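Please read it alongside the sequence and the coordinates shown here.

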Amino acid sequence: MRFLGLVDLDFNEECIFWLKRSLAFYSRDDLEDRLYIFMRLYACYKKLENHEMVLEFGNKALELKSLMVEHNQIPEGPG
């Protein structure tokens, strides 16, 4: 699941829509996939300069990342 095509074309609203829809398909245990979604949402809202949502999804991503560190589930690659 990657939405890079939408992001590359600067279709940030569409990317946000599909990312939020995709969250419904992942359980709370799918930490790495949920982290990816939160980071993409953060990036899309940042491009749209929606600072409130940037903070919201940035915080969610940080919380999830620290939970992954606690459970030794460090994601592969940058993030």
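## Secondary structure and overall make-up

The secondary structure of the chain amounts to four helices and zero strands, and from the N terminus on the order of the elements is α-α-α-α. The model is a predicted one, and the values given below are to be read with that in mind.

Of the 79 residues of the chain, 33% count as buried. Among the contacts in the chain with a separation of 6 or more, 49% are accounted for by residues 24 or more positions apart.

## Packing of H3 against H4

Helix H3, residues 31-47, packs with helix H4, residues 51-70, at an angle of about 155°, and the two axes lie 8 Å apart. Since angles over 145 degrees count as roughly antiparallel, H3 is roughly antiparallel to H4. The crossing of this pair, H3 and H4, is left-handed.

On the H3 side the contact is made by Leu31, Glu32, Arg34, Leu35, Phe38, Met39, Leu41, Tyr42, Tyr45 and Lys46, while H4 contributes Met53, Val54, Phe57, Gly58, Lys60, Ala61, Leu64, Lys65, Leu67 and Met68. Divided by class, the residues of the contact of H3 with H4 are 14 nonpolar, one polar and five charged.

## Packing of H2 against H3

The axes of H2 and H3 come within 10 Å and cross at roughly 155°, and these two helices are therefore roughly antiparallel to each other. H2 passes H3 in a left-handed crossing.

In this contact H2 is represented by Asn12, Cys15, Ile16, Leu19, Lys20, Ser22 and Leu23, and H3 by Arg34, Ile37, Phe38, Arg40, Leu41, Cys44, Tyr45 and Lys47. The contact of H2 with H3 has nine nonpolar, two polar and four charged residues. Arg34, Phe38, Leu41 and Tyr45 of H3 take part in the contact with H2 and also in the contact with H4.

## The largest nonpolar core

In soluble globular proteins, nonpolar side chains tend to be buried together. The largest nonpolar core of this model has 18 residues, of which Ile37, Phe38, Leu41, Tyr45 and Phe57 touch the most other members. The elements that give two or more residues to this core are helix H2 (12-23), H3 and H4, and its largest share, eight residues, comes from H3.

## The loop between H3 and H4

Leu48 is found in the loop between H3 and H4, where this residue is partly exposed, with a relative accessible area of 33%. Once its neighbours within four places in sequence are left aside, Leu48 is in contact with Asn12, Glu13 and Ile16. The C-alpha atoms of Leu48 and Glu13 are separated by 8.4 Å, although the two residues are 35 residues apart along the chain.

Glu49 is exposed, with a relative accessible area of 59%, and its phi is near 60°, which is a positive value in a residue other than glycine.

Note on methods:
Residues numbered from 1 in each chain as written. Predicted model: local features only at pLDDT ≥ 70, side-chain atom pairs only at ≥ 80, totals over all residues. Heavy atoms only, no water. Axes fitted to C-alpha atoms, helices over the stretch in contact; angles between N-to-C directions. Parallel < 35°, antiparallel > 145°, perpendicular 65-115°, else oblique. Left-handed = near helix turned anticlockwise from the far one by under 90°. Contact = heavy atoms within 4.5 Å. Nonpolar A, V, L, I, M, F, W, Y, C, P; charged D, E, K, R; others polar. Core = buried A, V, L, I, M, F, W, Y, C linked by side-chain atoms within 4.5 Å. Buried < 20%, exposed > 50% of the residue type's maximum accessible area, 1.4 Å probe, protein only.
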